[in-house]
Each structure stands twice: as structure tokens, then as C-alpha cells.
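Biologist: I have a chain open here and some questions about it. Can you take me through it?
Modeller: Go ahead.

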Amino acid sequence: MFRHFLTLQQVSRRQFSSSVRRQLVNKVPDKQKLFQEANGMPVHLKGGVGDAVLYRATMGLTVLGTAFVIYELVKAALPQKKV
């Protein structure tokens, strides 16, 4: 059992140590400058086109969902008369 543990430890160490390490660029200061800029835009739209598309899609789905709920409530409150 202990031998299997040592083998697993060596294999995992070998895979981690032989992998290429990439240097990550810190983008936080750039994003902080972007979001703290006083340009009159709401903070949820300062991220660019992707944020605008996501916001519009969310609002569209919210409006459609609200309309569907109101339609179903009216349909349930005013059932059709059977002939």
C-alpha cells in the first residue's frame, strides 16, 4: 500500500514539474481603472459589448417571462366556456 502511494507521489510530482509554466499577466489594475472611470455609464455596462449583450438578453428574457406569466394567470382566471 505504501509503495503504491510513493509511486503515485512520484508520478504526480514528475507531471507537475515537467509542465511548462506560463506567466499570467495581472489584469486587475486595468479593470479597476476601467470600472472606476467616471464616464456616466452604469457599472454593469462598463465591461464592453459582451456586457451589453448579456444585459439586453437578460432584460428580454425577463420581459418575455413576465408576459408569459401574466398570460397564464389571465388564462387561468378566465377559463373558456364549454359549449
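Biologist: What percentage of the residues in the chain is buried?
Modeller: Buried residues, meaning those under 20% relative accessible area with a 1.4 Å probe and protein chains only, make up 2% of the 83 residues. This is a predicted model, where local features need pLDDT of at least 70 and side-chain atom pairs count only at pLDDT 80 or more, while totals for chains, interfaces and linings use all residues. Residues are numbered from 1 along each chain as its sequence is written, and side-chain values use heavy atoms, leaving out hydrogens and water.

Biologist: How many helices and strands are there?
Modeller: The chain has three helices and zero strands, in the order α-α-α along the sequence. Helices are DSSP runs of H or I with at least four residues, strands are E runs of at least two, and both are numbered from the N terminus.

Biologist: Where is Lys 46 found?
Modeller: Lys 46 is in the loop between α2 (28-36) and α3 (49-77).

Biologist: What does the side chain of Lys 46 reach, then?
Modeller: The backbone oxygen of Glu 37, at 2.5 Å. Lys 46 also touches residues including Leu 34, Phe 35, Met 41 and Asp 51, leaving aside residues up to four places away in sequence; contact means heavy atoms within 4.5 Å.

Biologist: How many salt bridges does a search of the whole structure find?
Modeller: One. The side chains of Lys 75 and Glu 72 meet at 3.7 Å, N to O.

Biologist: How far apart are those two in helix α3?
Modeller: Lys 75 and Glu 72 are three residues apart, so about one helical turn separates them.

Biologist: Is Lys 75 buried, exposed or partly exposed?
Modeller: Lys 75 counts as partly exposed because its relative accessibility is 45%, and partly exposed runs between the buried limit and the exposed one, which is over 50%. Glu 72, at 29%, also counts as partly exposed.

Biologist: Changing topic, where is Val 43 found?
Modeller: Val 43 is in the loop between α2 and α3, and it counts as exposed because its relative accessibility is 53%.

Terms used: Polar contact = N/O pair within 3.5 Å; in protein donor to acceptor, adjacent residues only side chain to side chain. Salt bridge = Lys/Arg side-chain N within 4 Å of Asp/Glu carboxyl O.
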